[in-house]
Amino acid sequence: DPKLPLQANEQPRCECGGRVRPDVTLFTESLPDDQWESALEAINTVRRGDVMLIVGTSSVVYPAASLPELAKANGATLVEFNLELPTPLSNLVDIAVQGQ
């Protein structure tokens, strides 16, 4: 386990000498197809009475930014938590909470 915070010149390395990479999708990368399909399947189960929490996002990176729109179309209540409001989704959500 690397010590935190990481220094820019001290990137974690695996035994093979390669860089250790976080298990996230970084900017300019596409979501893996299986993960995107799983997200769409989950959104398709959303119904009236379900709540979707949208936390700390710019709401501009597609296709992920379309998930709240799809949930709303299926009847979900959308709650947005963000340090900066409004976001592109703020007009769509039912409740927007600005953080400090």
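The following legends describe close-up views of a predicted model. Residues are numbered from 1 along each chain as its sequence is written, and side-chain values use heavy atoms, with hydrogens and water left out. Local features need pLDDT of at least 70 and side-chain atom pairs count only at pLDDT 80 or more, whereas totals for chains, interfaces and linings use all residues.

**View A. The nonpolar surface patch.** Val51, Leu53, Val55, Phe81, Ile95 and Val97 make a nonpolar surface patch of about 530 Å². The elements that give two or more residues to this patch are β1 (51-55) and β3 (95-98), and β1 gives the most, with three residues. Patches are made of residues with over 30% relative accessible area and no salt bridge; like charges are joined within 9 Å, and nonpolar side chains (Val, Leu, Ile, Met, Phe, Trp, Tyr) within 5 Å. Accessible areas come from the Shrake-Rupley method with a 1.4 Å probe, and for residues only the protein chains shown count as cover.

**View B. Strands β1 and β2.** Helices (H or I, at least four residues) and strands (E, at least two) are DSSP runs, numbered from the N terminus. β1 and β2 pair in the parallel sense over five bridges; two strands pair if DSSP finds at least two bridges between them. In β2 (residues 77-82) lies phenylalanine 81, and valine 55 stands opposite this residue. Phenylalanine 81 is partly exposed, at a relative accessible area of 34%. Buried means under 20% relative accessible area, exposed over 50%, and partly exposed in between (1.4 Å probe, protein chains only).

**View C. The salt bridge.** The structure holds one salt bridge, defined as a side-chain nitrogen of Lys or Arg within 4 Å of a carboxyl oxygen of Asp or Glu. In this contact the side chains of lysine 72 and aspartate 94 meet at 2.7 Å, N to O. Because lysine 72 lies in helix α2 (residues 67-73) and aspartate 94 in the loop between β2 and β3, the pair ties together parts that are 22 residues apart in sequence. Lysine 72 is partly exposed at 26% relative accessibility, and aspartate 94 is partly exposed with a relative accessible area of 42%.

**View D. The negative surface patch.** Asp33, Asp34, Glu37 and Glu41 form a negative surface patch. Asp and Glu count as negative and Lys and Arg as positive, while His and the chain ends are not counted. The place of a charge is taken as NZ of Lys, CZ of Arg, CG of Asp or CD of Glu. Glutamate 41 belongs to helix α1 (residues 33-44) and is exposed, with a relative accessible area of 55%.
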